[in-house]
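Work through the exercises below with the sequence and the structure open beside you. Try each task before reading its solution.

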Amino acid sequence: MENKPSIALTEAVYYILLSLYQPLHGYGIIQNVSSISDGRLVLAAGTLYGAINTLLEKHWIEALPGEKNSRKKEYVITNVGKSAIEEEMKRLAELLQNGEKIVRGQLG
Amino acid sequence: MRTTVSKLFFVNQHEKEEEWLNDMAANGKAMLCYKFPCFYEFENCEPNEYTYRIEMLENGLNHYKSREYIEFLEEIGIETMDSYLKWVYFRKKTKDGPFDLFSDLESKIRHYQRIFRFLTPFFLLEASIFILFLSEALASGYIIHNFSYGIIGFCTFFLGYFEVSLFRKIMKLKKEKLIRE
């Protein structure tokens, strides 16, 4: 995989990827994200749909074979997706660290 | 018991239309279908039983992408009530939680751009006919075809007004996007 400069993920995408460390269908993703964010982030349907399609195109997630024509298709994160999450966590850690340094005068 | 209510919403007012449908639902009337240009059929429901949202799809309803989208929405409990051209009326039970189609600025911008682009060919057509009439009138020294001239001018400005209104909404969201997602 090319070494791309890290681009911030939206929090919706970040949480969707995190949710898919286990296989989940659309409704499950919405419920999981809402629960891990303490109700703060309730994924919008259209946004979720767009995100899933983009993540599939980028091969960061994959659709599980499951029953053909199943109404509830499940998705799971891929290894590429996992490395994207790890990159993102590094970026977030850097942001938080600098914030703490300046705002609270503490060192990482 | 079905009732029909008429209320006119313009193409740049779909959010106001949503608000109205949700107000009706809050008062125990759930929208079932829509007949152009301004007729809505309602049936009784529990107060606030449903939340309504409206979207203009990228493609016609029979396009495979639209069908995939609508199926996906069904999986998460969103019902398709009715449609007009590429406009679709969705609803979801309020007790299932908040219902929004777009939460991020990017998709809101894209939706408005879709509506803007849909109108543009009509606007350009009207505007060019208007300019044609205008130049003919100026060339010949008097205004010919008074009546049709007026109608075309009216349509041009009407459409122009929608385009400007949508454009401003898009710019506002784009500015917001410079600061946050």
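## Exercise 1: The two chains

Chain B is built from 4 helices and 6 strands. The model is a predicted one.

**Task.** Find the order of the elements in chain B, and the share of its residues that is buried.

**Solution.** 
- Step 1. Going along the sequence, the elements of chain B come in the pattern β-α-β-β-β-α-β-β-α-α.
- Step 2. Chain B has 181 residues, and 43% of them are buried.
- Step 3. The C-alpha trace of chain B spans about 65 × 45 × 30 Å along its principal axes.
- Step 4. Take the contacts in chain B between residues at least 6 apart in sequence: 63% of these join residues at least 24 apart.

**Solution.** 
- Step 1. Chain A has 4 helices and 3 strands.
- Step 2. Starting at the N terminus, these elements run α-β-α-α-β-β-α.
- Step 3. Chain A has 108 residues, of which 34% count as buried.
- Step 4. Among the contacts in chain A between residues at least 6 apart in sequence, 51% join residues at least 24 apart.

## Exercise 2: A helix and its cover

**Task.** Which residues of helix 2 of chain A are buried, and what covers them?

**Solution.** 
- Step 1. Locate helix 2 of chain A at residues 26–36.
- Step 2. The buried residues in this helix are Gly26(A), Gly28(A), Ile29(A), Ile30(A) and Val33(A).
- Step 3. Within chain A, their cover includes helix 1 (11–19), strand 1 (24–25) and helix 3 (45–57).
- Step 4. Chain B takes part in the cover as well, through its helix 2 (64–75).
- Step 5. Past the end of helix 2 of chain A comes Asp38(A), which has a positive phi, near 60°.

## Exercise 3: The interface

**Task.** Describe the interface of chain A and chain B: how much area is buried between them, and which elements of chain A give two or more residues to the side that touches chain B?

**Solution.** 
- Step 1. Start with the contacts: 18 residues of chain A touch 17 residues of chain B.
- Step 2. Turn to the area. The size of an interface is often stated as the accessible area that is lost when the parts come together. Here chain A and chain B bury about 1,500 Å² between them, with 58% of it on carbon and sulfur atoms.
- Step 3. Look for salt bridges across the interface: the rule finds 0.
- Step 4. Look for polar contacts: the rule finds 8 residue pairs across the interface, both residues at pLDDT 80 or more.
- Step 5. On the side of chain A that touches chain B, helix 2 and helix 3 of chain A are the elements that give two or more residues. Helix 3 of chain A gives the most, with 6 residues.
- Step 6. Sorted by type, the residues on this side of chain A are 9 nonpolar, 5 polar and 4 charged.

## Exercise 4: Cysteines

**Solution.** 
- Step 1. The cut-off for a disulfide is 2.5 Å between the sulfur atoms.
- Step 2. Cys155(B) is in no disulfide either, and its nearest cysteine sulfur, that of Cys38(B), is 17 Å away.
- Step 3. Cys45(B) is buried because its relative accessible area is 15%, under the limit of 20%. Cys155(B) has 27% relative accessibility, so this residue counts as partly exposed.

Technical notes
Residues are numbered from 1 along each chain as its sequence is written. Chains are lettered from A and ligands numbered from 1 in the order in which they are written. This is a predicted model: local features need pLDDT of at least 70, side-chain atom pairs count only at pLDDT 80 or more; totals for chains, interfaces and linings use all residues. Side-chain values use heavy atoms; hydrogens and water are left out. Buried means under 20% relative accessible area, exposed over 50%, partly exposed in between (1.4 Å probe, protein chains only). Contact means heavy atoms within 4.5 Å. Buried area is the accessible area (1.4 Å probe) that two parts lose on being put together, summed over both. A salt bridge is a side-chain nitrogen of Lys or Arg within 4 Å of a carboxyl oxygen of Asp or Glu. A polar contact is a pair of N or O atoms within 3.5 Å; within protein, one must be able to donate a hydrogen and the other to accept it, and residues adjacent in sequence count only if both atoms are side-chain atoms. Ala, Val, Leu, Ile, Met, Phe, Trp, Tyr, Cys and Pro count as nonpolar, Asp, Glu, Lys and Arg as charged, and the others, Gly among them, as polar.
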